[in-house]
Amino acid sequence: MILTQGIIARLVALCAFAAIAQVVCFSKMDVFGSSPDVALLVVFSIGVLGGSLTGAVVGFSMGLLIDCLLLETLGGFALTLLSVGYVAGRYRETVGRPTRGAVALLGGALTLLGALVIAAIQIGTGIDANVSILVLRDAVIKSLIGAALAIPVLLLVRLVVRSALVDERRGARRATAPRPVEP
Amino acid sequence: MYRKQVRRRRAVLLLLVAASLTLLSLYYREGNAGPLHGAENVVSTIFSPISSVTDRALKPVRDTVNWFHETFDARGDKARLQDTVASLRNQLAREQTQQAEVKELSALNELTSGGIVPDGTTPVTARVVGRSPTVWYSTVTIDKGSGDGVRVDDPVVAAQGLAGKITQTTSNTAQVTLITDADSAVTARVQPSGATGVVEPNVGNPNDLQLDFLERGAQIAQGQMVLTAGFSTGDLGSIFPPGIPIGKITHATVEEQQAYQRVHLSPFVDLRDMDFVKVLTTHSGGGSK
């Protein structure tokens, strides 16, 4: 991803909108007893499109904003989304551009990773109440929803940052390049 | 060149992880008046009007999704409704939302005007504008804050009963920690037996609460109602006024009562689906109520 000022501005706007929409809308939705984690999928998409560094920085920033909006412990969601962005970016850097099936699987797996990181932070900082087995069900449902939404969210994010994507530029160049004249 | 990139990537990652952990650590150690809480309040205050507008703007989307979920649950009615659903879906969602809001507000008014609000308490009606995306933090954000007279530890009720208490405020928003949060504990009394205990959550299961530390030999049966006890011993007192409905006993076996002094209850309030709440403010001053 080529980060120009325009693209950074677009990323900031996208992240702010995704964080606010997550807190005021998606978290309040009831889908099979859980709710979609679209903010996490936006970070995952940016990681897949822009690499580990961009993914980690965007994840950290969006997480901090969510922490502030919810008046929760600062750093909790930041650490969670930072991990998701970094892992998604590393996948892209080591394995390459993921296929559609891989995007869905990765989306689900990273949603599960997010749930695990939050659980680890919560348990690590001390919890004085019983924990129901239903937290596992919630994590599984969340990751299934994540798998289902990963492709549409990736397509939307790709649309927003399309002009900055190296692959897209190469594709566009190939499409517009003059064809060699046949003898 | 590649090595330099790898080094830079690792350095940034380490820096961000260290920043996250430092923030977590400092946030826990500092008091509510600390600089990190202050910075968080400033950001929350700035984004509060945007959140409020976005909440209203995206409500039809949310209601449509929830409407699908409710329709899925009501499979028995599906065939009868299928013909009309397509054309009326959006209109129905909007009208149902308005009706539900009116119903919720009426029930909320009924509850707070039914004698459970102690003298000197002013109920402040607030809209729920934010919710945590994880089951580990059972908190919601409301659109009223210290500027409206809301203070930390004020009790919060929803249309059907107790919802939680205020744990943090900014000038125009506040964080409500729900009774299903891991940090929550409410002294309660079972009616009509009069047995008292402490209502604690079962993290991850918003439909199940536990009434712990019951007196041995208490006669508790399924279906009995649990209300806030609102005890007062000298200077020490519960922040919740007595008589606010909390839930209904769902599971009370003699064995569990004898061994763990515990029974289970389900909350009256659907804590995942609240649009309005009332904060029972007890402080003078503040802005409009």
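Predicted model: local features only at pLDDT ≥ 70, side-chain atom pairs only at ≥ 80, totals over all residues.
1. **Chain B overall.** Start with the inventory. Chain B has 4 helices and 14 strands. It runs to 289 residues, and 39% of them count as buried.

2. **Contacts along the chain.** Consider chain B contacts between residues at least 6 apart in sequence. Of these, 61% join residues at least 24 apart.

3. **Strand β14 of chain B.** This strand covers residues 276–281. It is mostly covered, with 5 of its 6 residues buried.

4. **Pairing with β1.** Strand β1 of chain B, residues 122–131, pairs with β14(B). The sense is antiparallel, over 6 bridges.

5. **Pairing with β3.** Strand β3 of chain B, residues 155–158, also pairs with β14(B) in the antiparallel sense. Here there are 2 bridges. B:Val156 has B:Val279 of β14(B) as its bridge partner.

6. **Helix α5 of chain A.** This helix takes in residues 100–124, which is 25 residues. The expected span is 1.5 Å times one less than the number of residues.

7. **After the helix.** A:Gly126 follows α5(A). The phi of A:Gly126 is positive, near 100°.

Notes. Residues numbered from 1 in each chain as written. Chains lettered and ligands numbered in written order. Buried ≥ 20, exposed ≤ 12 C-beta atoms within 10 Å, placed from the backbone. Pairing = 2+ DSSP bridges. Contact = placed C-beta atoms within 7 Å.
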